[in-house]
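This report walks through the sheets of one protein model and then through the surroundings of its ligands. Please keep the sequence and the coordinates at hand while reading.

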Amino acid sequence: MDRREPAGRQIAELGLLRVLHVAAELYPWVKSGGLGDVAAALPPALSTFGIDVRLLLPGFAGFLDAFTGITDVARLRTPYAVERVRIGLARVPGSAPLAYLADHSGFYDRPGSPYADPDGRDWPDNHRRFGLFGWVAAELARGADPSWRPEILHIHDWHAGLAPAYLSARRPDSNHVTTVFTVHNLAYQGLFPAVLFPELALPPEFFSIDGVEFNGAVSFIKSGLFYADRLTTVSPTYAREIQTPAFGCGLEGLLRSRSHELTGILNGVDPSIWDPRHDPILPQSYGAENAASGKRAAKAALQRRLGLADCDDGPLFGVVSRLTPQKGLDLLLACFPEIIADGSRIAILGSGDGDLEQGFARAAAEHNREIAVEIGYDEALSHLIIAGADAVLLPSRFEPCGLTQLYALRYGTLPVVRRVGGFADTVVDATAVTLADGSATGFAFDDESPAALMSAIRRADVLFREPAVWLRMMHQAMAQDFSWSAAARRYLSVYRELRPDLAP
Ligand code: ADP
Ligand code: GLC
């Protein structure tokens, strides 16, 4: 019997556990990275377990334009310079959960990315934009919508990191709500100068080492890490790594002190979006039984689309990524001459760091039949690269979970990864042992150097020229099951530990 059912039923019998997920991004409307994918997939997965989940989102134009039938739930007077904030409620199009929208005219709804102006500069009032977002989360937890008050407030990343601080400031009349804070990326911290602290309407004593202060600044992520009742992050390895100076971004001491309250839970793949059997972008859908021919068709389509020379006997390496130092793609740039000399091809889709964009674009201009580079954000092309490449290159310096390798595995596209964070937990390196027992699904390396990356690429290149071995690895990759329901079950146990009164 499916072990999911009893847990869901037990909770349902006691009345549904109400959980409010708070996130700044939601695929497909507002997304700068994997956070948007997670916010779109985790709440519906939790709903299937009998949890009554809702979302809180900032009133970005992407949401206000797409969500129809937004009804007013409350208009709250705020302690901020912003006088009133409107809380709307709407159904997320095509999905089960309802979403609250925190809206204040012109506050969230601005051109550019959610966080920065069209020139890439952070908005100067981000402390207020996201401070207010956290304040609204806390108010909803305290009953701002009288018809639905959550028992658990589940906050993702720094954006609403102040919410647990606001709740802590309102004890004991916020004691009924418990908070979970999930770190998707410790490197984005929501840091603001100390002089702005008085604008955040927190008690003065909260600006201290036992509070939101971090190296003399206000840190939204530290607020979440310090005040939330439970902490999670998106892979078991990252949960360990962030307790060390190499990955802890200065917060390792705090994280170590809360080690027993920190859990690493891997993300999943949403098969309604990432599945080679039902992907409308592909010239030919495929599963394990016709993986070789499906991959050939996708590879041919990708080469055509990008103007790359055919390379049936050599591997085509793909990259779909934000171009930031985190992703380690400067290491890849240094490997280009050798990759081309080996007769391989590279297809890159990404945007971000100007130097990297220019470096990649220059290389593509010099070798336009071997290297293709598309600067920008393109969902359709991202699917074609994940399907059409033989392997994806992921030399990240750190990687909390990583979704691209999970998508790639599902498409039989073998990941070449640095052995960090979620990569270490999800990719099985091809060694004599794992090739013999059939568990190999990709290639992993340790050193943060072009030489180490290049040696993993070479290992992939060599095995690619042994079609039977490669196909076996493809099958093994496609057989991996990183489902959202497995992730949801783990979050459910965290909720049950927090609220044994609600779910025995
Ligand atoms: P991160 O959140 O650190 O960027 P993840 O691997 O968790 O890394 O998630 C990245 C998500 O963003 C994936 O869904 C990936 O396909 C997508 N993505 C990244 N860059 C692009 C791009 N240029 N165009 C389309 N999708 C992209
Ligand atoms: C972050 C991380 C990435 C993770 C994603 C979703 O953006 O960089 O590794 O997969 O969040 O959790």
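Which residue of β10 does E213 stand opposite? In this model, which is predicted rather than determined by experiment, E213 stands opposite V218.

**The three-stranded sheet**

The pair E213 and V218 belongs to the pairing of β9 with strand β10 (residues 217-219), which is antiparallel and extends over two bridges. These strands are part of an open sheet of three strands, ordered β8-β10-β9, in which the pairing is antiparallel. Its edge strands are β8 (191-193) and β9 (213-214), each of which pairs on one side only. Helix α6, spanning residues 220-227, packs on this sheet and touches β8, β9 and β10, with a direction that makes about 60° with that of β10.

**The nine-stranded sheet**

A second open sheet is formed by nine strands in the order β3-β4-β5-β2-β1-β6-β7-β11-β12, and here the pairing is mixed. Because β3 (71-77) and β12 (262-264) stand at the edges with a single partner strand each, one side of each is left without a neighbour in the sheet. From one strand to the next, the twist averages 20°.

Within this sheet, strand β1 (residues 17-22) and strand β2 (residues 51-58) run parallel and are joined by six bridges; in β2, L55 is the bridge partner of H21. Helix α2 (residues 34-47) packs on the sheet, where it touches β1, β2 and β6 (152-156), and its direction makes about 155° with that of β2.

**Ligand 1**

The shell around ligand 1 holds 20 residues, and the closest of these are G34, D37, R322, K327 and G376. By class, the shell divides into five nonpolar, nine polar and six charged residues. At least two residues of the shell come from each of α2, β13 (316-323), β14 (345-352) and α13 (404-410), and the largest share, three residues, is supplied by β13.

| Residue and atom | Ligand atom | Distance |
|---|---|---|
| G376, backbone N or O | ligand 1, nitrogen | 2.8 Å |
| H184, side-chain N or O | ligand 2, oxygen | 2.7 Å |
| E399, polar side-chain atom | ligand 2, oxygen | 2.5 Å |
| G402, polar backbone atom | ligand 2, oxygen | 2.8 Å |

For G376, the contact is made by a backbone N or O atom and reaches a nitrogen atom of ligand 1. Taken alone, ligand 1 exposes 560 Å², of which the protein buries 93%.

**Ligand 2**

Around ligand 2 there are 14 residues, with H184, N267, E399, C401 and G402 coming nearest. The side chains of H184 and E399 each place a polar atom by an oxygen atom of ligand 2, at 2.7 Å and 2.5 Å respectively, whereas G402 uses a polar backbone atom, at 2.8 Å from an oxygen atom. On its own, ligand 2 has 310 Å² of accessible area, and the protein covers 93% of that.

Terms used
Residues are numbered from 1 along each chain as its sequence is written. Chains are lettered from A and ligands numbered from 1 in the order in which they are written. This is a predicted model: local features need pLDDT of at least 70, side-chain atom pairs count only at pLDDT 80 or more; totals for chains, interfaces and linings use all residues. Side-chain values use heavy atoms; hydrogens and water are left out. Two strands pair if DSSP finds at least two bridges between them. Helices (H or I, at least four residues) and strands (E, at least two) are DSSP runs, numbered from the N terminus. Axes are lines fitted to C-alpha atoms, for helices over the stretch in contact, and angles run from 0 to 180 degrees between N-to-C directions. Contact means heavy atoms within 4.5 Å. A residue is near a molecule or strand if one of its heavy atoms lies within 4 Å of it. A polar contact is a pair of N or O atoms within 3.5 Å; within protein, one must be able to donate a hydrogen and the other to accept it, and residues adjacent in sequence count only if both atoms are side-chain atoms. Accessible areas come from the Shrake-Rupley method with a 1.4 Å probe; for residues, only the protein chains shown count as cover. Ala, Val, Leu, Ile, Met, Phe, Trp, Tyr, Cys and Pro count as nonpolar, Asp, Glu, Lys and Arg as charged, and the others, Gly among them, as polar.
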